[in-house]
Structures are given as structure tokens and as C-alpha cells.
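Here is a friendly briefing to read alongside your viewer. Take a look at the model, and then go through the notes by topic.

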Amino acid sequence: MRNVVLGGLLLTGVAASVPAQAQDTVRIGLVQPLTGSVAYNGKSVVEGARLAVEDMNAAGGVLGKKIELIVEDGQCTPANSVNAVEKLVQKDKVVTLVGAFCSSATAAIMPVAQKYKLPLITGVSSKASLTEQGNPYFFRAAETDALMAEAFAKILANDLKLTKVAYIGVNDDWGRGGVEEFSRDLTALGVKTVLTEYFDHGATDFFTLLTKLRAAKPDGVFVAAETQDGSILVKQIREMGLDTKVFGVGSWATADFINLTGEAAEGIHAAVPYASSMDTPRNQAFVQKYQAKYGIKPGKYGAAGYNALNIAGQAIARAGGTDAEAIRASLAKTSYEAPNGVYKFTDKGQAYGFEAVLVRIEKGEPKVIASTPVDAPH
Amino acid sequence: MDLFPQFLANGLVMGVFYALSALGLTLIFGLMRVVNFAHGEFYMLGGVSGWFVTNHLGLDFFSGLIVVAAFMAAVGWLVDRFLIERVRGQGEEPGILLTIGLSIFLVNGTLLLVGPAPMKVAGAMAEGPLFFGPIAVTKLRLLAVAVGIALIVGAHLLIRRTRLGAAMRATFQDPMAASLAGIRTGHVYAATFALGCTLAALSGMLLASIYSAQASVGGLISLKSFVVVILGGMGSFAGAIAGGLLLGVAEAMWGGYVSMGMVDVIGFVLVILILLFRPQGLFSIRTERA
């Protein structure tokens, strides 16, 4: 054991004493789950990220060099994500980190980024407490559930004429957070809660849960679930013959979700930070490029990867060098024009200013029915 | 109380699905005594190849089912001849390690080839609800239950009534005596393993048409199938059905009257109770292997 520790110290010493060799590229490290239960969504982030890097390199790169994206698999687990970051820092000498997908994994790599004094941007992890830890190197270019609930509770309650709502969420930090935030804001508007239930990741049969839902007779059901669980759940709601209004958060306004859910997706509402049908010239150009490259329209996570990498690239360009402190300072001054509005960061590193949308799925397309800028949290 | 009929119906449907997905394991773990941790991955391969033949080769559901059965039988045969054969007769641990390795290989191979996205297997019929009084089911679920029962009965008859079945039973009771009696035990092992694989894959494709196929579904299926086999008793088809129904109904009642969030715990609570009070399982034929 002592030998291992000594060896580790020696290696670190050697690594520190060798001056970083002049690289001919600017390296950005990306940690995403590429295997495991959310590998599918992680892959979308990577696709978006690669597109952003390609764009920036086509425009001449940054600091006169090409950007090189190095992707590592964090499997959505804290331990593997930390290993991935150590490798990216020690071996690849990246200048900025982007990742990880799951909030618990991101929470684990935040102290590592701080230890190495490297800026870390996440485009996905939405657990509210991440930006409350006072880590100056951490930036979240994503919405939190609290922000989404605040933005849409009123529109939902009025547009769908909700009086009694049932809440169903996946049994993890994110699902429970979503259910809590939305039920709090809807209850404040006088909407009654008739049922709250959680199910485990990877559950396939919801008939028992839906039997309870049928008995509770809600006029709307809120669902916090990702593509696979959500699509099966929505399908089975229709298979049970229920015609209650469905709305929710998660990667719902995506081509894959609609394809998996089929006709049952018609008429459901989703509150999302991004939809491919958002009607801005910048977004239309993005959708066209994404579709040309991957043959599918971008969803929430494709856009998240694209935005996070663009924010990182622009910050490095503004910093005028690869010094981590300079990059961190220029990240804080971000004003990035994304396909979905303008991203700025608060002092705590929480993004605001971008548009979030409420979509309704009509004829297999997510149609934007309301759009509102996400305000800085108070 | 008015919810009870629907909970019971849900539980029974799920129970048949559990029995169906555990059938293959009843053979491989129950009869051959190979602790097969790759069972869920064979199930997953059934769903993924079902997606491939219906979506990319344009076959209808039932022709697809036959093609998948033939393909997975070949896979099972090869796995037994080239992998399981090498650790046979060396106790359980090498088999456990081998099948854990195989399951990791199969999951990641599938991720590499078709990616992590959930895939839809085109079903045999439409998905609208059918109502029997207060109970809602779908045609597709009823079809899956019917096919499931047919497969269970078919496998039972194969083991009990055919020459191959007799050879299987003889081989697993006493391989040495069986081979002295002129049974080609190597082929019997491979045929049993192939049959177990095929059953797992058929249930995978059938259930993927109701839910969806995905590279990562195998782990949970393996766990639930072990629960069903242990509840029912090793190697017993009646036991697999009883174990499946017990698990399905228990989960539906717990989920219905208590909480959905902890439903996966129920199976393991049942296993602990069974091991404490009736360790041979509900239906086990009480014979020890020579």
C-alpha cells in the first residue's frame, strides 16, 4: 500500500515538474455517460458537443488553434466520473471541463475541478443545490426544475384549466425534485393534488400505478421522466383508456420520444428548455446542421451539448489564452447567443436569460404554444 | 375495493410475463445447474433482434418470432459448445464468472452495434384498450399471455413426453450413467442450453412489442427470473408459473395498496421467506443430483 502511495506521489511530482508541452490544439474534456441506463441521452449531448466543436473549428478555432474535444465515459456514477476527470486533467491536460450528466456525478467532480482550478460547465445537471455550494469554478448552463416550475405553473394551470392534478415521477433526485417544485407552484395557484407516486428507473409496467390514477380522477397528470420510462408510461396511459391531460418535464419534445410513443403522444404537453421547433433563425440554422449531420432533429440534450461547448469555446477565445483563471473570469461574463436565447451567468454560476418553451405534440411534431425567458433565481 | 379486480388482473398478466421470461432460466439454472447471469442478456438479444427483423427486414411479427427463435437457438448452441462446455463439471463458480463476463460482453457488444436508444418492436396488433366490466387490458397483452402459456405447456411436454426430454432428464440426474447408456450428453447439454436461450429470447421479443427493447434491460430481468425460479422450485415448470404469478400479484397488490416506489423489493422479501420456510421452493421435485 505504501508503495502505491509513494508511486502515486512520485508520478504526481514528475507530472508537475515537466512543463506542459506546447500543444497544437486547445483541449476541452467532456464527461458523459456512454454506457449504462442513461447512455442514450449522454450520447445526444456528445453529438451536440461535436457539432459545436466542428462549427468553431470551421470558423478558425480559438486562439489560432483547433479545438480538440476529448470524450470520456463517466457512466453517470460519481466514482467513474471522477476517474474520467482525473484522466482528462492528468493525461490529456485539458483546459476546461464539461460534464457530467447526472447531478450526483456532477456533484462528485466539482471538488476535483476546484482542486485542479479548472472551469467546469454542465449543460444538463439540474439539481438546484449544485450552484449553492460556492464553487467558483462551476457553471450551470441549464435550467433547474424550480426555474421551470416558476416559469410555467401559471400558464399550465390556466391553459389546461387544471383543478385536480396527479404527480408521477422517477424515483431519483431529479424526479422527486421536479414533482416537488411543480406541485408547490401549482398548489399555490389553487390546484389540488390528488395523487403523488414515484417509480424506479427502468420500470416497464405502469398498469398498477395507472389503476390508482384512474381511481383518483385527476384532470391533469404531471410526469417527470426521461425518454424511455416516459414513452412507455404515456403509451400505457392511453392503453388503459384514460384521456386525462398529460404534461411533464424531461426529454419529451424529441423525435425519439415521439417515435417510441406513437399516436399516444398526441396532445401531451411538455415544459422544456429547448425544442427543435423553436422559431428563431438561429435555431433553424442549428436544426438544419444537426439534421444534416445526424439524420435526426436535435432534442434537449443535443442542444445542451452544443450550448455548453460553445460557451466554453467562446470563453477561451475571450480569455485570450489557456490560463484557467482567465477562462473562469471570462466565463462569468458570458453572453452567449444560443439557438434558444441568450445565456448569462449569475454570480453563483447559474445560467439565466434563455428561453424555455411549453410544447404540445401535434401530428408528431412538438408545437411551441408558450415561450418565456428563464429569470435569474431570487 | 373497487380497484381490486384491476389490480388482480394486472398482477396476473405480469405474473404470466414473469413466468415466461423465467422459463429459459428454469431450464438452464433449474435443470442444468448453470447459474446463468447472462439470462437477461439473452432476453435483451431477443428484443433487439426482434426489432431488427421487423424494422429492417420488414418481416411481420410472427415470421419475425420464428427467425429470432432459430437465430437464438444457434447462438445458445454455440455458447454451450464453445464456452459452457469448458467449465462443465468444475463446480458453480467458474460458470458464474463465465456468464457474468458473457453478460458484460453482450451488453456492450449490443451498445456498440445498435447504440443505447430504446427500440420499438412493431406489435402483432393494435394497442387500444379492451374493457371487461371495470377491467382494462389490451389485445397485445392477452396475446402475449396466450403465447406465454402455449410456450410453457410446450416446454413442459417436450421435457416430459419426448425422447429428447427423457435424455435431458437422464443427463442431468447422472451424466456418467447417461453417457454409459449411450446418450450423447454433449449434444443434450447444448440442446438444453439452446432451448433455454430461445425461450428467453422469445419472451424478450414478445414483451419488447409491449414495452420496448433496449441494451440495458437485462439486469433487472435476470434478477426477477432468479426470484421466480427460486420461488417456484428448481427446474419445475409448474413452479415457474406459480412463482411468476405469486411475484406478479404480490407486486401489483403492494404497488396498489402501499407504494409503487419500493415495488422491486417485494420479490426479494418473498425469496427470503421461501428460503426460510420452504427452501426447496413451492413445487420442487425433491431429488438431489448424484
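**Interface and interior at a glance**

Two salt bridges cross the interface of chain A and chain B, a salt bridge being a side-chain nitrogen of Lys or Arg within 4 Å of a carboxyl oxygen of Asp or Glu. This is a predicted model, where local features need pLDDT of at least 70 and side-chain atom pairs count only at pLDDT 80 or more, while totals for chains, interfaces and linings use all residues. Residues are numbered from 1 along each chain as its sequence is written, chains are lettered from A and ligands numbered from 1 in the order in which they are written, and side-chain values use heavy atoms, with hydrogens and water left out.

**Chain A against chain B**

- One salt bridge pairs Arg141(B) with Asp205(A), at 3.0 Å from N to O.
- Eight residue pairs, with both residues at pLDDT 80 or more, are in polar contact between chain A and chain B (N or O atoms within 3.5 Å; within protein, one must be able to donate a hydrogen and the other to accept it, and residues adjacent in sequence count only if both atoms are side-chain atoms).
- On the side of chain A that touches chain B, α2 (39-58), β7 (192-199), α7 (207-216), α8 (227-239) and α9 (255-261) each supply at least two residues; helices (H or I, at least four residues) and strands (E, at least two) are DSSP runs, numbered from the N terminus.
- With seven residues, α7(A) gives the most to that side.
- In contact (heavy atoms within 4.5 Å) are 30 residues of chain A and 35 residues of chain B.
- The two chains bury about 2700 Å² between them, 58% of it on carbon and sulfur atoms; buried area is the accessible area (1.4 Å probe) that two parts lose on being put together, summed over both.

**Backbone details in chain A**

- Gly99(A) and Ala100(A) are joined by a cis peptide bond, with omega of about -20 degrees.
- Ala100(A) sits in the loop between β3 (96-99) and α4 (103-115) of chain A.
- Leu63(A) is not a glycine, yet has a positive phi of about 50 degrees.
- The loop between α2 and β2 (66-73) of chain A holds Leu63(A).
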